[in-house]
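This briefing is meant for a reader meeting the structure for the first time. Please look over the sequence and the model before going on to the notes.

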Amino acid sequence: MAKVKYNEGQPCEHTGCLNHLTHPCEGCGRIGGKGIIYELEQLDFPCTIEALQHEVKGWEQRYDELDAGHSKLFKAFCGLKQENEQLQAQLTDITKIRDDYATAARVIALYLVDFCDNSMPYDKMIADAARKACMAVEKRDEALKQAREILQDMVDVANVSGSAYLYKRDTGKVIEVIAAIDKIGGREDV
Ligand SMILES: [Zn+2]
């Protein structure tokens, strides 16, 4: 509770306090001692101009620090936002590439089903099947090449020997077979 300094009608230290009837007393501000003046409680505030200025300066400095901190954080936030957008775009690209590869792998698996070993992990199975298929194609190519050479030789012999009978009986069909072999794998120009 606030302590009473001057009670109603009690003069302050200013000379003639209670005689101030037309203007307020310079000591207590009352007219004719009317009103109660309370003792000001000790407050925890700086009470000199210098102390207040010092306090204000401190707050200004604190504000500047916070403002700079806020600017830094905002910049960092903008950077992260941009980075996030870039990562999102990259993720979209990578997802598309992954999906394309997955589709390609499904197509490969479909065509190479005879070569697929289902006990293997998917990516290894595809690579293994492709390798086996390549080897099979190479073997067939080689077998066809040999067969073509034998057949061509037969045609050449028939032509050179001039056997009209042999030529009529076999050569036409053999030439058809050679042409069919040449068509495989785009060999028309061989
Ligand atoms: Zn007074």
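**Helices in the open**

Of the 40 residues of α2, two are buried, so this helix lies largely in the open; a residue is called buried if 20 or more other C-beta atoms lie within 10 Å of its own, exposed if 12 or fewer, and partly exposed in between, with C-beta atoms placed from the backbone. The model is a predicted one, in which local features need a pLDDT of at least 70 and side-chain atom pairs count only at pLDDT 80 or more, while totals for chains, interfaces and linings use all residues. Residues are numbered from 1 along each chain as its sequence is written.

**Overall layout**

- The chain has three helices and two strands, where helices (H or I, at least four residues) and strands (E, at least two) are DSSP runs numbered from the N terminus.
- Read along the sequence, these elements follow the pattern β-β-α-α-α.
- Of the 190 residues of the chain, 4% count as buried.
- Among contacts in the chain with a separation of 6 or more, 30% come from residues 24 or more positions apart; two residues are in contact if their C-beta atoms, placed from the backbone, lie within 7 Å.

**Helix lengths**

- Helix α1 has 63 residues and reaches 91 Å from its first C-alpha to its last, close to the 93 Å expected at 1.5 Å a residue, the expected span being 1.5 Å times one less than the number of residues.
- The number of buried residues among the 63 of α1 is zero, so α1 lies largely in the open.
- Helix α2 (residues 122-161) should span 58 Å, and its end C-alpha atoms are 58 Å apart, which agrees.

- G33 sits in the loop between β1 (4-6) and β2 (37-38), and it counts as buried because it has 20 C-beta neighbours inside 10 Å.
- Leaving aside its neighbours within four places in sequence, G33 is in contact with G9, Q10, P11, C17 and L18, and its C-alpha atom is separated by 8.1 Å from that of N19, 14 residues apart along the chain.
- I184 is found in the segment after α3 and is exposed, with 12 other C-beta atoms within 10 Å.
- The C-alpha atoms of I184 and D141, 43 residues apart along the chain, are separated by 9.0 Å.

**Confidence**

- The chain averages a pLDDT of 85, and 88% of the residues score at least 70; pLDDT is the predictor's confidence in each residue, from 0 to 100.
- Over residues 186-190 the pLDDT is below 50, and beyond near neighbours in sequence this stretch has four contacts in the model.
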